[in-house]
Amino acid sequence: MTRLRELGSWLALERHHQQIDGRHLRELFAADPERGTRLTAEAAGLYLDYSKHRVTEETISLLARLADERGLAERREAMFRGERINVSENRPALHVALRMPRERSLVVDGIDVVKQVHEVLDRMATFSERVRRGEWRGHSGEPIRNLVNIGIGGSDLGPEMAYEALRHYSRSAPRELTFRFVSNVDGTDFAEATRDLDPAQTLFVVCSKTFTTLETMTNARTAREWLLAGLGAGAEAIADHFVAVSTNAEAVGEFGIDPENMFEFWDWVGGRYSLGSAIGISTMVAIGPERFAELLAGFHALDEHFREAPTERNLPALVGLLGVWYADFFGAQTTAVLPYDQYLKRFPAYLQQLTMESNGKRVTLAGEGVEHETAAVLWGEPGTNGQHSFHQLLHQGTKLVPCDFIGFCEPLNPLGDHHDLLIANLFAQTQALAFGRSTDEVRAEGVPEELVAHRVFDGNRPSTTILAQRLTPATLGSLVALYEHAVFTQGTVWGIDSFDQWGVELGKLLAKRIVPELRSNHEPELDHDSSTAALVRRYRGGWDEG
Ligand code: F6P
């Protein structure tokens, strides 16, 4: 494969960047009155306005050429066919199969994975309805009122984000249920999540693809002790209060969870791509199986769009390629996602794992060092809160931070003029970033000369606006799939493996070595660097040593 930086499209983009770099969005908009409607695309209920980006149509066609030269179409087909595109783990990355309708079939290694998916979805639906109707009873016969999801990373961020995002739809549940999410190995997380819960009415969902993750297994064991102590019961109570979501049936059984109460998924589902699998079971309990099916349908609609639409009109491809444009040609190190919807408050955290665990890589698929930037640091907060904290830097700082603004036309909680104020702020932020306020404009307002420089906004700061009619399960599915495939597009251009996560392993390994040193009754022999050794000694209470 030709090296990325030597491709014709890359070289053309470098030359093109020199022209674009000197142009202001004010000028681009003035030159083209239709720009604000032309540089937009729409699919699966999402309207994408990318006109406030430092691009022209030529930029988009060059980026599309780059995607083409990097084999986006072929790699995408390989993903949809279930080929082992996750080369370093020798697995398919087949999350798109989780959202395929029942009547579809996708045979991978002789197995119809869509059939498997729907068998599990059906079991999940039966379970969810039992809990929702109060038919699932705890060991002492009381109906379940509290569901605690135990997991971390993809086994937590997706469930928690989706629960928060779709809370509005959990109101129609037949019974009031409380949902909690425990992820951190810090005991405070478990203690605070369960402080006010009655064990007799509490069901734990232990979510772990591997069922070996230190944090999850520690929290699950603590939950087991908490439950049995609270109930004053023996191990026979576990079956009524624990279910598992995993690919590891053996470890689930060893933990004491009835295999009947295990919901399976497969090694071709990456943790951060698992929301549509049984990992989403807490979401299904919260919103019901029908709404969960709408969530999957939203994912699927965007999957189909990604597979079929030409790059120039393909939402995830555009979002992904714009990310490449800023990371590699403008040197942007970070990107912000700013949902103007309180229900999406965990969405940036969810996207952090999706984008940074996927594309925070420094070697190519072939294991060679990359010669270009990869994933930007992603961060964000819901609007309008961010406006009163970090937006100062976005508007007047020295860094270029491309932003994604996400908003909805209809509020889910219509209260007075709140929603108009919220959305007016979203639109105003994108305007202020793009067009700023020039020195002449500031002077014309009569600002004292010594303050003029402070009051000027350079503008020319890029943003995407994503608008949808209403935050529904389907819109959420489309939104998540939009970012999943944007990540895929970037990974393809960068030639990296977006589906492995070796970077998390070293810390896990070293922690395993340190645990016995912290717990040992005798002074352990420490074979560490001097900093780590001193920290271990200080933790153990050897304050005046070293
Ligand atoms: O942090 C690494 C990671 O493997 C993530 O990719 C994953 O989502 C998380 O740990 C949890 O893993 P598991 O579901 O196996 O407990």
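## Sheets and their helices

Helix H10 (residues 214-231) lies across strand S5 (146-150), S6, strand S7 (202-207) and S8, and runs at about 160° to S7. Contact means heavy atoms within 4.5 Å. Helices (H or I, at least four residues) and strands (E, at least two) are DSSP runs, numbered from the N terminus. Axes are lines fitted to C-alpha atoms, for helices over the stretch in contact; angles run from 0 to 180 degrees between N-to-C directions.

This is a predicted model: local features need pLDDT of at least 70, side-chain atom pairs count only at pLDDT 80 or more, and totals for chains, interfaces and linings use all residues. Residues are numbered from 1 along each chain as its sequence is written, and side-chain values use heavy atoms, with hydrogens and water left out.

Two open sheets are tabulated here. Two strands pair if DSSP finds at least two bridges between them.

| S6-S5-S7-S8-S9 | parallel | 20° |

In the five-stranded sheet, strand S6 (178-182) and strand S9 (262-264) are the edges, each pairing on one side only. Three bridges link strand S8 (residues 242-246) to S9 in the parallel sense. Val245 has Phe263 of S9 as its bridge partner.

Strand S12 (residues 403-408) runs parallel to strand S13 (residues 463-468), joined by six bridges. Cys403 is bridged to Ser463 in S13.
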